[in-house]
Amino acid sequence: MDKKNTLRVGALAAGTTLMMLLMSSPALALTRDDGDDPGPGLSVIETLGLFVVAPIALFAVIVGLVMVLDRSTDRQPKAKAKA
């Protein structure tokens with residue numbers, strides 16, 4: 001029974017992958033569509049800044065604001081009750 005399930009899962013994964021590859025072929029087209037006007041490409045530094053540094057900086061700002069504006073007082077460790 002386990003071998004049948006393994007074959008079924010493998011067939012499903014292969015079929016899904018094949019369908020995704022067939023459906024995504026227009027996304028890989030080399031000809032431009034009407035009205036397509038791409039701008040200049042990004043340099044490596046611009047790409048890293050936009051997709052790596054900016055999200056990390058935004059995350060750090062949000063964490064910093066949460067930590068500074070947190071007014072709760074229940075953060076102290078609880079005393080253990082002696083038995």
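Mentor: A residue counts as buried under 20% relative accessible area, exposed over 50%, and partly exposed in between (1.4 Å probe, protein chains only). This is a predicted model, in which local features need pLDDT of at least 70 and side-chain atom pairs pLDDT 80 or more, while totals for chains, interfaces and linings use all residues. Residues are numbered from 1 along each chain as its sequence is written, and side-chain values use heavy atoms, without hydrogens or water.

Trainee: Is Leu48 buried, exposed or partly exposed?

Mentor: Leu48, which sits in helix α2 (residues 44–69), has a relative accessible area of 45% and is therefore partly exposed. Across the 83 residues of the protein chain, 0% count as buried.

Trainee: How many helices and strands does the protein chain have?

Mentor: Helices (H or I, at least four residues) and strands (E, at least two) are DSSP runs, numbered from the N terminus; here there are 2 helices and 0 strands. Helix α1 covers residues 2–23, and because 0 of its 22 residues are buried, α1 lies largely in the open.

Trainee: What span should the 26 residues of α2 have?

Mentor: The expected span is 1.5 Å times one less than the number of residues, so α2 should span 38 Å, which agrees with the 36 Å between its end C-alpha atoms.

Trainee: Where does α2 bend?

Mentor: A bend is the angle between axes fitted to the seven residues ending at a residue and the seven starting there; α2 bends by about 35 degrees at Val53, with Pro55 following within four residues.
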